[in-house]
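Here are a few notes to go through with the structure open beside you.

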Amino acid sequence: QVQLVESGGGLVQSGGSLRLSCAPSGNIFSIVAMGWYRQAPGKQRELVALTSSGGSTNYADSVKGRFTISRDNAENTVSLQMTRLSPEDTAVYYCRATLDMGTYYQDYWGQGTQVTVSS
């Protein structure tokens, strides 16, 4: 089992930047991928960015070139640096960890952190 604690959300003006962090605890050695998702009011939760234990990354088209996901192996944290934010980025952002359980994969989610971009 893994617990995820997110931090770094808040209110920012359009064009500004924010950095989100996700700190996992528990069975962190089984984590094979971590990512950020977001859910805006009235919309489905969507992928923002993913990083695997092998170092590969994947981004939603809407954030490519603006957001960067990174992993600090020493601190066991995953961060999402968000730049050139727009009101369309307003959402609750969730951290997700995928664990290799041997015969299946298990996902764990953080509690979410609100990001609000004002115009």
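**Notes on the fold**

1. Start with M82: setting aside neighbours within four places in sequence, it is in contact with G16, S17, L18, L20, R66, F67, Y93 and V115. Keep in mind that this is a predicted model.

2. M82 turns up again in the largest nonpolar core, which has 29 residues; M82, W36, L80 and Y93 are the ones that touch the most other members. Two or more residues each come from β1, β3, β4, β5, β7, β8, β9 and β11. The largest share, five residues, is from β9. As a rule, nonpolar side chains in soluble globular proteins tend to be buried together.

3. Eight of its ten residues are buried, so the strand is largely enclosed by the rest of the structure.

4. Who pairs with β9? Antiparallel pairing links it to β4 over eight bridges, with Y37 and Y94 as bridge partners. β11 also pairs with it in the antiparallel sense, over three bridges, and there A91 stands opposite V115.

5. β10 (residues 105-109) runs antiparallel to β9, joined by five bridges, and D100 sits opposite Y105. Four residues lie between the strands of this hairpin, and G102 takes a positive phi near 105°.

6. Now the open sheet: four strands, antiparallel, in the order β1-β3-β8-β7. β1 (2-7) and β7 (67-72) are at the edges with a single partner strand each, so one side of each has no neighbour in the sheet. The twist from one strand to the next averages 15°.

7. For β7, pairing with β8 (residues 77-82) is antiparallel over six bridges, and T77 is the bridge partner of D72.

Technical notes
Residues numbered from 1 in each chain as written. Predicted model: local features only at pLDDT ≥ 70, side-chain atom pairs only at ≥ 80, totals over all residues. Heavy atoms only, no water. Pairing = 2+ DSSP bridges. Axes fitted to C-alpha atoms, helices over the stretch in contact; angles between N-to-C directions. Core = buried A, V, L, I, M, F, W, Y, C linked by side-chain atoms within 4.5 Å. Buried < 20%, exposed > 50% of the residue type's maximum accessible area, 1.4 Å probe, protein only. Contact = heavy atoms within 4.5 Å.
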